Amino acid sequence: MADRTEPIRLIYTTFGTLEDAEHCGGALVERRLAACVNILPRMVSIYEWQGELSRDDEVVMLVKTRAGRLAAALEALAELHPYEVPAMITLAPEAVNVPYADWLRGQTAS
């Protein structure tokens, strides 16, 4: 069993299509790099890219993992992600309920 004190981590990332998010999310879960991913299918992003103001419809994905799998999850996400420069922002929750954290750690045990 995984260490019950190991911190939980979230990765925030975005995709251009639901299909790309599902592909990457499924691969992370299958590889046990994430216990679960949440895909939020619709948002609007406004940003500057290569000197031009851009507006795109995007998909948000939250990846739920543990600290010990974070580096491998980020590496796999970078490999699978179709964007040239994907946003991969790691978040450290202040608290996670114990039963859920235990389940997450178990799902990502190597």
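Predicted model: local features only at pLDDT ≥ 70, side-chain atom pairs only at ≥ 80, totals over all residues.
The largest nonpolar core comprises 17 residues. Within this core, Ile11, Phe15, Cys24, Leu28, Met61, Val63 and Leu77 have the most contacts. Four elements, namely strand E1 (8-15), helix H1 (18-30), strand E3 (52-66) and helix H2 (67-80), each contribute at least two core residues. Helix H2 provides the largest share, with five residues. In general, nonpolar side chains of soluble globular proteins tend to be buried together.

The surroundings of methionine 61 were examined with residues up to four places away in sequence left out. On this basis, methionine 61 touches Ile11, Tyr12, Thr13, Phe15, Ala21, Cys24, Gly25, Leu28, Val37, Asn38, Ile39 and Leu77. Several of these partners, including Ile11, Phe15, Cys24, Leu28 and Leu77, are also listed among the core residues with the most contacts.

Cysteine 24 belongs to the nonpolar core and is buried, because its relative accessibility is 1%. A disulfide is a covalent bond between the sulfur atoms of two cysteines. The count of disulfides in the model is zero. The cysteine sulfur closest to that of cysteine 24 is in cysteine 36, at 15 Å, which is too far for a bond. For cysteine 36, in turn, the closest cysteine sulfur is that of cysteine 24, and the distance of 15 Å again excludes a bond. The cut-off applied to a pair of cysteine sulfur atoms is 2.5 Å.

Five salt bridges are present in the structure. Side chains of opposite charge can pair when their charged atoms come close. One of the salt bridges joins the side chains of glutamate 6 and arginine 66, with an N to O distance of 3.0 Å. Glutamate 6 lies in the segment before E1 and arginine 66 in strand E3, so that the pair links distant parts of the chain, 60 residues apart. Glutamate 6 and arginine 66 are both buried.

A salt bridge between the side chains of glutamate 79 and arginine 31 has an N to O distance of 3.9 Å. Because glutamate 79 is in helix H2 and arginine 31 is in the loop between H1 and E2, this pair ties together parts that are 48 residues apart in sequence. Glutamate 79 is exposed, at 57% relative accessibility, and arginine 31 is partly exposed, with a relative accessible area of 39%.

The side chains of arginine 55 and aspartate 57 also meet in a salt bridge, at 3.7 Å from N to O. Arginine 55 is exposed, with a relative accessibility of 52%, whereas aspartate 57 is partly exposed, at 44% relative accessible area.

On the surface, Val44, Ile46 and Leu53 make up a nonpolar patch. The accessible area of these residues together is about 340 Å². Valine 44 is located in strand E2 (residues 36-49). With a relative accessible area of 40%, valine 44 is classed as partly exposed.

Serine 110 is located in the segment after helix H3 (98-107). The relative accessible area of serine 110 is 81%, so this residue is exposed. With neighbours within four places in sequence left aside, serine 110 is in contact with Arg66 and Arg69. Arg66 is also the partner of glutamate 6 in the salt bridge described above. Between serine 110 and valine 29 the C-alpha to C-alpha distance is 12 Å, at a separation of 81 residues in sequence.

Positive phi values occur at two non-glycine positions described here, arginine 32 and glutamine 50. For arginine 32, phi is about 60°. This residue, arginine 32, lies in the loop between H1 and E2 and is partly exposed, with a relative accessible area of 34%. For glutamine 50, phi is about 50°. Glutamine 50 is in the loop between E2 and E3, and its relative accessible area of 63% places glutamine 50 in the exposed class.

Methods
Residues numbered from 1 in each chain as written. Heavy atoms only, no water. Patch = residues over 30% accessible without salt bridge, like charges linked within 9 Å, V, L, I, M, F, W, Y side chains within 5 Å. Areas by Shrake-Rupley, 256 points an atom, 1.4 Å probe, with all protein chains shown as cover. Salt bridge = Lys/Arg side-chain N within 4 Å of Asp/Glu carboxyl O. Buried < 20%, exposed > 50% of the residue type's maximum accessible area, 1.4 Å probe, protein only. Core = buried A, V, L, I, M, F, W, Y, C linked by side-chain atoms within 4.5 Å. Contact = heavy atoms within 4.5 Å.
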